[in-house]
Every structure is written in C-alpha cells, then in structure tokens.
Number of protein chains: 2
Amino acid sequence: MNMEYLSGVSTKEIFEISQLLAPEMESREVKVNGAVHTIRDMGDVAFVVLRKREGLLQCVYEEGKVMFPLSDIKEGTTMEVTGTVRAEERAPQGIEICMTEIKILSQPAAPMPLAISKWKMNTSLEARLNMRAIDLRNIRERAKFKIQEGIVRGFREFLYSQGFTEIRTPKIGARGAEGGANVFKLDYFHRPAVLAQSPQFYKQMMVGVYDRVFETAPVFRAEKHNTKRHLNEYTSLDFEMGYIDSFLDICAMETGFLQYTMKFLQEHYEKELKILDVTLPDTEKIPMVRFDKAKEMVSEKYDRKIKNPYDLEPEEEALIGQLFKEEYGADFVFVTHYPSKKRPFYAMDDPEDTRFTLSFDLLFHGMEITTGGQRIHDYHMLTQKIAARGMTEEGMEAYLDAFKHGMPPHGGLGIGLERLTMKLLGEDNVRETTMFPRDLSRLEP
Amino acid sequence: MNMEYLSGVSTKEIFEISQLLAPEMESREVKVNGAVHTIRDMGDVAFVVLRKREGLLQCVYEEGKVMFPLSDIKEGTTMEVTGTVRAEERAPQGIEICMTEIKILSQPAAPMPLAISKWKMNTSLEARLNMRAIDLRNIRERAKFKIQEGIVRGFREFLYSQGFTEIRTPKIGARGAEGGANVFKLDYFHRPAVLAQSPQFYKQMMVGVYDRVFETAPVFRAEKHNTKRHLNEYTSLDFEMGYIDSFLDICAMETGFLQYTMKFLQEHYEKELKILDVTLPDTEKIPMVRFDKAKEMVSEKYDRKIKNPYDLEPEEEALIGQLFKEEYGADFVFVTHYPSKKRPFYAMDDPEDTRFTLSFDLLFHGMEITTGGQRIHDYHMLTQKIAARGMTEEGMEAYLDAFKHGMPPHGGLGIGLERLTMKLLGEDNVRETTMFPRDLSRLEP
C-alpha cells in the first residue's frame, strides 16, 4: 500500500507581517491573508485594512490594477490577497500591499454589530461582554489578553528557572480547601462535591514531593460580591516552596517574579504595551510594612479613625496604596503580619505575638493582588490549630498525612491574574481583563 | 520612617545537587537541605540519603566525625546538613556529603506508610492513590509528572513559536459544548450551570480574534466509564487555527508539536527519561489512513468481521496500532475521515462524501490520544447542520454570532495529556499518570 505520511509543519507561501517588513520584500509580489478590519473607500482608491494575528496590514485597491469589484469585500470578509509590497509610512506597519487579486475565504452573514475598527471601543462594558467574541477583535481589546499571556509566561519561566515544578491539581473535590460557605456545589455521580476554591492543600502536599511547585489554573469562588474587583471564576497563579527561612523568602520570590515579568513584557510584548500605552510599574524594590503599622500610618496621614484593628477595609487598602505612592513612590507594597483571625487555619502564627500571622498581602496601586505566607509544617501544631478552631479533620486526612510523614518549613502565595492584569493596564474593572468573565449575573457567553 | 524593602531573590548558602557536582566543590564544606529518604545503618558508618528536588544525595554519618546521634534522624525528617563534599562513584550522583553537623527542620509524627525509598513501588495502585502525597515521594513516581510537565512545556513553546496565543476560557457555563448528557451540573447562584466538557466553542470564537489559539486546562466529563483509560476530569491540550487549507494543516501542526516535544524532553528531561527507562517514540513521519480503510486493513489482517462500519471499537483501535507498528514500524497513526454521525455538529463534512468528515483521531500505540479536524466556518452551513440534527440554537447565540460576523476556515484538536503521558511512559492505566485522578469512585484525595 502506498502510505501517506505527515512529517511536520511545512512552510506556506503566505506571508506574515513580520516577514513582510524585511527590506528585501519591497516590490515583491506576495500572498497574505486576514480578516477585513475596515474599508476606506476614497473613490479611485480604497484602503482595505486586514486584521492579522501580528497586527493590521493596509491593502490598497486601485481601479485598473485589480481584477475584482470592491463590493466583493465587506468588514468581516476573510480572504487571501495577492499583491505587491511597498513602503508607505502612513500605513500601520510602514508598508502596504498593492492588491491585484483576492480569493474570498469566507463572508460574514450580517454587518458588524460593534465598531471594532475604532481605536477605542465606545460601547458599554456590558454590551461588549455580551458580544465578547466580536469585541475582542478590536486591536486594543485583544492586546490586553496578549499582555495577560505574557504575565503567565513570565510567571512560569521565572519559576522554572528557580527550580519549581508545574503541577496540575483537581478542580472537583470532596471539600473546599478554605472551608466556609463560598464553594460551588455539584453532583458527582450522586455524591456531593465542590469546585476548588484554591489548590492550597494540593500544592502544600506536593512541596513534600518536589520542594517547589506552582500551578496556573482556574479557581472558583461562590462569593456573592458584586464589585468591580470580584469574579466567581478566575485564574490563580499559585506557588508553594519548601525549606524557607521565613515568609520573607516568599516575598522575595514574588518580587523576583515581578521583576522578571516586567522585563519579559518589555522584551516580548512591546507592541501591545505601546498599543495600550502602558507604563510598567517600578519593581526594583518593594516596601514592606506591618498590617497594624499600615493602619496607623493611614489613620494618621488621612485623619481616619481605625474602626476595627483586625480588619482592612478596601478603602484602607486603597489609602495604603496612595500613601506609599505619595511618600515612597512605590507602586507595590507588602503588608505583613495579618491578624490570625483573618487567616485560614494553616497559616503560621507569629511566635512573638500569636494574634498575628507570618503572612502578607501584596497591594498593587492600593488593591490586593496576592495573599501568601508561611504555613504550619508541624503535624501536631496543625491538628491542634484545627481543634482550637472547632474544625473537623474529616475530609482532610490525605492533607494531614503529608504532614504526619514529614514536611519541610514552607510557604507560598496565590496571585489573582485578572486583577494583576487590570492594575498593570490601569483598568478599573476586573471584567476588562477577563476574557469571558463569570460573576453573580453573568454565566454567558 | 525606616522602610524595609524587598529587592528580589537573594542567593542562599544552601547548595543544590547541580551546584555540588562542579569539580571545584570537591573537599569543600557546604550546607545542603532535604528530606531523609532512607537510612542504611552499617554500624560504624551510616548512609543517610536525602531527597532533594534535583534527585537523591548521599550523606555519610561516620562515628567520631559528627556531633549528633544518628537516632536524631528518621525517614521523613527534613534537615539542613553541614558537611564536606567528596567524590564517591557508588553514590547516586557520584558524590557524597561527609556530615559534621545537622539542623533538624521538622520531624515526622509517624513512620512512613509506604516503602517510597524502594526503586519501584510494590503497592497496589489503589493504595498508592489513597496516599498519593506520600506515594509521589518515590523517585520514579515523581519523575512521571516531571515528564508530564515537559510535555506541556513542549506544547506551549512550540505553539508560541508558531504564532499561537494562549487563552483562558471559563470552566463554568450555561451549557456544554458537545451537548449530550455527559456534563456535570452545578448550582450557580440558583441558576443551572454546567462544567466545561471542552473549550471548543471558546477556542473557535477566539480564532476570529487571534487566528491561532491554544489552551492547556482541565475539562470535565460526567461519563460513566470505568476503564483504565477514562477520567472524569483531565487536562486537555487544545489548539485551534485559522486560515487552514485543509484538516491536514492540523495534523501537520500536531506532528510538529510531537517532534518538538520529543526533542525538548530529550534535552531537558533526560534524567527523568533515564529513571523511567523511556524510549521516545518515532515522530519523524506519521502515517495516515482513512477510517474505513483502517477498518478494512484490520479486518483483513486479523481475520475480524466488521460489525459496524461507522464505529471504531477500542479493540479495533488497538489492532490498528498493532498493524501500523508491525507493517510500518509506526508508533503513531492518523486515522482520518471519521463518520459524520460520530462527530459533533460543528465538524466539517467531506464535500466528496458527506457521510464522512474532514476530521481525524491520532492513535498512539493503538489508543486515541487526540480528536481533531476542520470545523464548519460558514454561518449558514452551521445553522443548517444544527437544524438538520434537530438541535436548538438556544444558548449558542454568542458562538453563532462569531460566525455571523466572519470566521476564517479553521480547525483544531484536543489532546488528552494524561493519556499521552501514559502511552509515552508505557503505563497501562491512565491513573498512573494523573497526579490526583477523578473517576467514578474516586473524589479524594
């Protein structure tokens, strides 16, 4: 039998924008493809701008040079264009294609419902989210999620370089890691089950295996918050590391991640940073302040009464951000030693004052984007704290077994990806930086 | 105020194995840390083997040279060791540490319940899964998931290099992509919701935005299969690409991924491949055969009657794998043109014979690890097929809108990560290559 074989990706005669930009391409006849982003008909000449994955490409329709009527093309048409490359400094990439022939690949069935070819979308967020697959065809909107991709890549690459192992932990389980009522419940073959609020238990267990682990995966929180910063499903960038000397090792690792990632974005996502006019934050040195001290500082500077010494209100968070920006020029601040009451049972209490924990939040322009800290690693200390809190060990047997059979001192953190992206891009609603958000009222698309 | 700052990861005086292997380290006094993997007490001398993230490290306890009793150390103790490096060809890395001092970091509360220091675990899979956090401390078991990490890294790196964008799509939705009864149902703030069976709709929608997209994320299938190859939650490596000439572009891209990844594993996971004694499969050229032709070949060669010309039984899959190994020396085979009845509505039918689709499965040693193909990109063709199948468009409005407003010809695939890992490692149960499996009876740990 005459067998056919696949032997890998073959080069096509279709050109991408980065290839077209090479100086030797000038005046060459090429084929390109893309979706018609916009058409500007000037009479004798029309500019047909193609949307391609690398950006926009201007194609010129000149009467007499082409073998097809302009009416063949609409916004949303996808096509293959044959034409000649020429320099044109007013065009998006400094080049344009002088069209001769086209091959229509597909035609839209209806006119575009959103003005996606505008530089900025001037439609309400709600309407844009309803038509998200169309909305994201806007050049600025789609750039946001390229930046988000870059953040995740930076996270992974940095942690690989630091000896971390990437893990994959289950999202369906018998009970939630954090306890409490904020879990989504589901029916698992007639057994009650929940969706993971965080990979907390699993990543701790895996510290006993790989010393340093991370995961970038969805988490689910059935919180009834309806705010600009809450989502019911989001991406958590989690890591957990063993053999730490203190929780400061975790803060240092996060600082390293931020430094690496800002450089990574600068190098690999320069185009998108420019499209969105982003100024990257300063990550060279990040100040650190105790929880109680931060409350005092805010109270003093902004003449604000401390209502509850064991809680931090969103307004206080914002003011801490403001204060550290004003006084120290800082974009980020680590707030440390959160009250024990406000932290889960597995948080390590400060031996010097057990009302507080060896934990921290990282604020970015006054919003919490990370919660982390040192965990209890001693089996007896852990079971005592569970008992002291009136909790049950039921359903936590496997978690506790990891400690029973030896666990190094360790700690870790979870970073909300959409919030980090939101703050980086200067957006004020986390839905702007979530591809398909899930909130109290939104389950589609 | 005297502000404290974090300025990134600082170097510690603790050495990792790769650092200790440098020739200039010989005879140097160093500090190392790790968990006690095993202790061999020979009387005058004892070998204390530490488990570290990079491997095992032999430490030697010699009476007279140490300042602590051997009884301080148990299997599962984590500690910091001070000692001198010396070459020892019989030790795991060709070096050992001659201990002088130790600092105990943590002690286990109970003896190890599994013989994790044995080369191969000789405990039942069921028992190992019940104590997974301990089981994975075994060197061979943990190596499996390093290889799995490598596969995912290979997938991502290859696709980035091919102009793909990584996306994150929601796992909770109003309806399933594939339809049917195999969805997990949950209560979403008193509204019915389901867990994503695949990112199918979302990745197709995003082709209209980025041309080429991929996702590596969990998917959920409420299938009541209780087999060695089914999981109810698994990791799907998905990609979708626009502007294809035919479904063969998808097969070529997958072949490219496999070629890249095998090289990547060889380069970056050589240690783990050696631990698990893995021979990487041949990916240079992958044969391709039509579904109907494959059935005929198997029927002929193994003298087997074709029961159903439109279905492929697992036994037939296995025999196709066997046939292609025997006749063509092939580890993989693309089986193409699956019957339309067996494919979802969005599959593109073959215009030359609409009983079949422009789709494929990839078999690896006789097991399906990938399903993919060209999709319908024309809005009218899509709605007609939905109608012809007696399906409703309800809940698919956003999906269909993407087509209504223009979509290029496209296709994609989904790869079952755990199955690919299983076949690569020569395992016979997919639970062996799933960190924390979820099946009909297993919801914990």
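In which sense of crossing, left-handed or right-handed, does H4(A) pass H12(A)? The legends below take this up in a predicted model, in which local features need pLDDT of at least 70 and side-chain atom pairs count only at pLDDT 80 or more, while totals for chains, interfaces and linings use all residues. Residues are numbered from 1 along each chain as its sequence is written, chains are lettered from A and ligands numbered from 1 in the order in which they are written, and side-chain values use heavy atoms, with hydrogens and water left out.

**View 1. Helices H4 and H12 of chain A pack against each other.** H4(A) passes H12(A) in a right-handed crossing, a term used if the near helix is turned clockwise from the far one by less than a right angle, with anticlockwise giving left-handed. Helix H12 covers residues 417-425, and its axis lies 10 Å from that of H4(A) at an angle of about 120°; axes are lines fitted to C-alpha atoms, for helices over the stretch in contact, and angles run from 0 to 180 degrees between N-to-C directions. The two helices are therefore oblique to each other, since angles under 35 degrees count as roughly parallel, over 145 as roughly antiparallel, 65 to 115 as roughly perpendicular and the rest as oblique. Helices (H or I, at least four residues) and strands (E, at least two) are DSSP runs, numbered from the N terminus. Among the residues that meet are A:Ile147 and A:Ile151 of H4(A) and A:Leu420 and A:Leu424 of H12(A), where contact means heavy atoms within 4.5 Å.

**View 2. Helix H4 of chain A also packs with helix H6 of chain A.** Here H4 (residues 139-161) and H6 (residues 248-268) have axes 9 Å apart and an angle of about 130°, and they are therefore oblique to each other. This crossing, too, is right-handed. The contact includes A:Gly150, A:Gly154 and A:Phe158 from H4(A), together with A:Gly256, A:Phe257 and A:Tyr260 from H6(A). By class, the contact has 10 nonpolar, 4 polar and 2 charged residues; Ala, Val, Leu, Ile, Met, Phe, Trp, Tyr, Cys and Pro count as nonpolar, Asp, Glu, Lys and Arg as charged, and the others, Gly among them, as polar.

**View 3. An open sheet of 9 strands includes strands from chain A and strand E1 of chain B.** The pairing in this sheet is mixed, and two strands pair if DSSP finds at least two bridges between them. The edge strands are E7 (165-166) of chain A and E1 (4-6) of chain B, each of which pairs on one side only. E7(A) runs parallel to E11 (residues 212-220) of chain A, to which 2 bridges join it, and A:Glu166 stands opposite A:Phe214 in E11(A). H4(A) packs on the sheet, touching E7, E11, E12 (233-242) and E19 (410-416) of chain A, and its direction makes about 155° with that of E11(A).

**View 4. Chain B contains a closed barrel of 5 strands.** The strands run E2-E3-E4-E6-E5 with mixed pairing, and the twist averages 55° from one strand to the next. Strand E4 (residues 55-62) and strand E6 (residues 95-106) pair in the parallel sense over 3 bridges, and the bridge partner of B:Gln58 in E6(B) is B:Glu96.
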